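Let us walk through this structure from its overall form down to single residues. Keep the model in view as you read.

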Amino acid sequence: MEPRYQCSFQASEEICLECLKWETYRSPHSIVLQILTWVAIGIIALGYLLIGVVAALNHVPFRVSEDMIFVTVILVVYALCFFLLRYKFSVRNTKRRLEELYHGEFPVIRLSFTEECMVSEAGGETTRLYYSDVKRMYRWKNYLYLRTKSRLIHFLPAEGMENGTLEDLTAYLREKGVR
């Protein structure tokens with residue numbers, strides 16, 4: 001079957017790291033995690049503030065204990081380390097995996113979008129991804145991310161499109177039922 005859209009690009013460390021940045025900081029689940037973490041820290045800090053205000057209004061001697069300061073500092077440090085070091089360790093692990101997978105050389109990846117599925121050719125391997133298996137589609141910077149139900153991510157750089165644009169492909173995938 002003749003492909004309707006095609007994308008071909010040289011995989012590189014830069015592209016993989018861009019995908020990893022999106023996964024770490026911009027994907028929906030990481031945004032929710034960041035919001036929940038900062039809300040929890042805010043609630044604890046607000047709780048300490050309210051305890052101090054209530055104590056002051058009732059003329060009860062109140063002092064901030066070392067435990068309160070310790071818990072607050074630990075939570076803030078944890079949140080900062082979690083979000084900053086998570087990316088750093090992910091980069092290190094990703095580089096190691098890519099070296100093992102591609103033996104130090106990144107392949108040319110060719111994606112073809114037919115009426116029934118996406119066909120991916122890379123390093124002599126061919127795989128098919130049916131549109132019904134794509135859970136979500138995201139657009140960030142010059143990339144289109146397709147997340148499968150099995151949590152794999154396929155990413156396409158805009159400059160790799162051979163026929164059509166990324167906007168055309170996005171509209172086509174929406175016609176096929178991809179959200």
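A residue is buried under 20% relative accessible area, exposed over 50%, and partly exposed in between (1.4 Å probe, protein chains only). This is a predicted model: local features need pLDDT of at least 70, side-chain atom pairs count only at pLDDT 80 or more, and totals for chains, interfaces and linings use all residues. Residues are numbered from 1 along each chain as its sequence is written, and side-chain values use heavy atoms, without hydrogens and water.

Start with the fold. The protein has four helices and eight strands; helices (H or I, at least four residues) and strands (E, at least two) are DSSP runs, numbered from the N terminus. Their order from the N terminus is β-α-α-α-β-β-β-β-β-β-β-α. The radius of gyration is 23 Å, well over the 16 Å that the globule rule gives for 179 residues, so the protein is more spread out than a compact globule. That radius is taken over C-alpha atoms, and the rule is 2.2 Å times the number of residues to the power 0.38. Along the principal axes, the C-alpha atoms fill a box of roughly 80 × 40 × 25 Å.

Next, burial. Of the 179 residues, 35% are buried.

Now two loop residues. Lys141 lies in the loop between strand E5 (134-140) and strand E6 (143-148). Its phi is near 55°, a positive value in a residue other than glycine. Lys141 counts as exposed, at 51% relative accessibility. Arg151 sits in the loop between E6 and strand E7 (153-157). Phi of Arg151 is near 70°, again positive in a residue other than glycine. With a relative accessible area of 58%, Arg151 is exposed.
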